[in-house]
Amino acid sequence: MAEIYKKFGGLIKKIDDSETSRFSFNRKDNSATRLIKIILNQIYKNKRVLEQYHFKHKEQNEFTFIQGKNIFHPQQQVPNSISHYNIGKFLGVSRSKARSWLIVLDYNRLIILSDLEFRKIRANIMRFFQEYEDRILKSQKIIKLAMDAYINKNYPKMDFIIKLAFLLDDCTIWEKMGQSKRDPHSLLSISKSLGMNPNYLSDIKKRIKNSKSEQYSKYFTLTTNILLLDYKSFKFKNRKTFEWFKTGAIDIIYQEMVQQGIFSSENAEIMRQQYDGLIFTLYALTKARFKRKSQAELRKFNKGRDNKGLFTLTQLSREIGGRKLLADYLLYETFISRETIVEIKNILNKNKAYTPNECECAINLLNEIPRIRLGERASYIGRQSHPILENFFRKLWLKLGVISKHEYQFNYPKSLHRIDSALEVSTQQKLIDILKSSSDSSLSKFKALFIDYTIPNLVRFNVCVLDKINPEKKYLVKNRSVILVFYGIYSEKIFETLKMKLNSLKLKYKRNVRFMEITKFIQLFTNNAESIRELVEINTIIKRALDDENEDALKELERKSDEALLELSKYNI
C-alpha cells in the first residue's frame with residue numbers, strides 16, 4: 001500500500017508542477033478529502049473539453065445534463081466556477097451534498113465519505129471522462145489511481161457483500177428507476193430488488209457468521225435470488241453486463257464459502273462443478289415453482305423471512321431421502337452419488353414443462369459430477385472413508401447407550417476446525433464405566449475424548465498426523481484426550497516414529513494424546529465379535545481401494561460412503 005501512495009503522490013506532484021490545481025493538497029488531508037480534491041481538479045482542468053464532448057454526444061449518452069450549450073452554467077459570483085448541480089452530476093450526489101463538500105474544502109476541513117457515497121462517485125465519475133484525447137486519458141489514469149488508493153486504504157479486507165455491491169455498480173448505470181426516490185444501489189434497494197426484506201443484505205453476513213458453517217442455506221438462498229434477477233431489476237448497461245454480473249456474483253459467493261472453510265482451498269476448484277450443479281438445480285426448481293403456483297400457494301413454502309418460497313437445499317434433500325443429505329456431501333467434500341444424481345434429475349425432468357431451458361442447464365451440469373474423483377487417490381479415499389467410520393462408531397456407541405457427535409465444530413465461531421467424532425465422558429456414566437474396564441482406564445478421567453481417523457504416512461506424518469494436535473487447533477486441553485485412530489495401509493514403524501517425535505515436542509498436555517490402530521480402538525468399547533468383524537471388513541475394502549488398479553473396491557467404498565452420508569443426514573446430533 002505504501003508503494004501505491006508513493007507512486008500516486010509522485011504523479012500528483014508532477015501534475016501540480018506543470019498546472020495550477022483548483023484545490024491544493026496538505027498533509028492533514030484524509031483519503032476521502034484527497035480523493036474529492038483530485039477528481040474536482042481533473043474536472044476543472046478538462047472543463048472545456050468535457051463540455052464540448054458531452055454536448056456533441058448528448059443524444060447517445062445514457063445520462064442528461066442541464067439543457068444548453070454551456071453545461072456548466074458558471075456561478076455569477078465566482079468566475080470560472082462550476083455549478084453545484086453539475087459538480088453533483090459528476091460525483092453522483094445531490095446538489096446540496098456537492099455544495100457542502102465545496103464549503104468544507106474552502107475552509108480546509110475534512111470530508112468523510114460513507115460507503116454509499118464512495119460507491120456513487122466510483123460508479124459515476126468515469127462515465128463522464130469518455131473523451132479519448134491525451135489530456136482526458138491522463139486524467140482517467142489519475143482518477144483511477146486515486147480510487148485504487150482509497151479502496152486500499154479504506155477496504156483492506158472487503159467483505160463479500162461490498163464486493164457484490166461494487167460488481168453491481170460496474171455492470172449497471174446508477175440511475176433511479178421510475179418515480180422511486182431511493183438510491184437504486186443502496187443495500188436496502190438491492191435487497192428489495194432481490195425480493196427480500198430491506199435489511200437482507202445488511203444482516204446476511206452477521207446471520208451467516210452466527211450459524212453453523214455446514215448450514216449452507218444462506219449462501220444458496222442468496223445465489224438463487226441473484227439468478228432470479230430480471231434484466232429490468234436494475235438499469236444494466238447491456239445484456240452482456242447483466243450476465244457478467246450474475247456470473248461474477250456467483251464467483252464472489254463461492255469464494256466467500258471457501259474463505260469461511262466450507263470448502264477447502266485445496267479442493268475449491270474442482271468442487272465448484274458440484275456447487276454449480278446444485279445452485280442451478282435450485283434456481284430451475286424455484287423458477288418452475290413460481291410459474292406453477294399462485295402467491296397464496298407459495299406462502300406455504302415460506303420458511304423464515306428470507307425464503308419467499310424458494311426451493312432450498314434442505315427441501316431438495318428431503319425430496320431424495322434426508323434433511324441434511326446434500327449438505328453432508330458438501331461438508332465431507334465428496335461427490336454426490338450416481339443414484340442421488342438420478343433422483344435429482346428425475347425431479348428436474350418433472351419440471352421441464354415449466355422451465356425447460358433452466359432444467360436442461362441444471363441437468364447438463366449434474367451430468368459432469370459423477371465423472372470426477374477428487375485429487376490424489378489416497379486423499380480421495382480418506383474423504384470417502386470418513387463418513388463410513390464416523391457412522392459406524394456412532395451406531396456402535398448408540399447401541400452401548402452412549403451419545404456422540406460427528407464433524408463437531410467445538411470452537412465455533414472462533415475456529416472452523418471440525419473433529420471427526422467427539423464423546424462427552426463426564427456426563428455419561430455408561431461411557432465412564434466402559435472406559436474404566438478398558439485397556440486404557442485413564443481415559444475415563446477426561447471430560448471429553450476427541451477422535452480423529454487418519455491414514456498415516458511415514459514420509460508426511462507431520463502433515464497427516466501431527467498437524468491434528470497443532471496448538472492452533474486447540475484440540476488439546478487439560479481435561480480432554482485426543483485419540484488419533486489409524487486405518488488403511490501404513491507401516492507399523494509409524495507408532496514408534498510418532499511417539500519419539502511427540503516426546504521431542506514442547507507441547508502442552510501431550511500426555512493426553514493417544515495413537516491407536518483402529519481394531520484396538522474399537523476394543524476400548526466392545527469385544528463383540530460381530531462388530532469387530534464388520535469394522536475389519538470396512539478397513540479391508542479401504543486397503544483394497546488404495547490399490548490404484550482396484551476399481552471395484554473403490555466403487556464399493558463410494559457406495560458405502562453414500563449409504564453412510566444418507567444415515568448421518570438423518571441424525572441430528
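Reader: Which residue stands opposite F486 in β4?
Author: T454 stands there. The coordinates are a predicted model, in which local features need pLDDT of at least 70 and side-chain atom pairs count only at pLDDT 80 or more, while totals for chains, interfaces and linings use all residues. Residues are numbered from 1 along each chain as its sequence is written, and side-chain values use heavy atoms, with hydrogens and water left out.

Reader: In what sense do β3 and β4 pair, and over how many bridges?
Author: They pair in the parallel sense, over seven bridges. Two strands count as paired if DSSP finds at least two bridges between them. The strands themselves are DSSP runs (E, at least two residues), as are the helices (H or I, at least four), numbered from the N terminus.

Reader: And what joins β4 to β5?
Author: Five bridges, and these two strands also run parallel. V482 faces V513 in β5, and V485 has M516 of β5 as its bridge partner.

Reader: Is β4 buried or exposed?
Author: Seven of its seven residues are buried, so β4 is largely enclosed by the rest of the structure. Buried means under 20% relative accessible area, exposed means over 50%, and partly exposed is in between (1.4 Å probe, protein chains only).

Reader: Which residues point which way from β4?
Author: R480, V482, L484 and F486 point one way, and S481, I483 and V485 point the other way. In a regular strand the side chains alternate between the two faces of the sheet.

Reader: What is the strand order in the whole sheet?
Author: β1-β2-β3-β4-β5, in an open sheet of five strands with mixed pairing. β1 (404-408) and β5 (513-517) are at the edges and have a single partner strand each, so one side of each is left without a neighbour in the sheet. On average, neighbouring strands are turned by 25 degrees against each other, direction ignored.

Reader: Which helix packs on the sheet?
Author: Helix α19 (residues 377-399) does, touching β1, β2 (419-424) and β3 (448-454). Its direction makes about 145 degrees with that of β3. A contact here means heavy atoms within 4.5 Å. The axes are lines fitted to C-alpha atoms, for helices over the stretch in contact, and angles run from 0 to 180 degrees between N-to-C directions.

Reader: Back to β1. What is phi for E407?
Author: It is positive, about 45 degrees, although E407 is not a glycine. E407 sits in strand β1 and is buried, at 9% relative accessibility.

Reader: What about phi of N108?
Author: Near 55 degrees, again a positive value in a residue other than glycine. N108 is in the loop between α5 (95-106) and α6 (115-128), and at 60% relative accessibility it counts as exposed.

Reader: New topic: helix α13. What span should it have?
Author: Its 25 residues (268-292) should span 36 Å, and the end C-alpha atoms are 36 Å apart, which agrees. The expected span is 1.5 Å times one less than the number of residues.

Reader: Where does α13 bend?
Author: At Q274, by about 25 degrees. The bend is the angle between axes fitted to the seven residues ending at a residue and the seven starting there.

Reader: What does T355 touch?
Author: A284, K287, A288 and K291, leaving aside residues up to four places away in sequence. T355 itself lies in the loop between α17 (338-350) and α18 (356-367) and is buried, with a relative accessible area of 1%.
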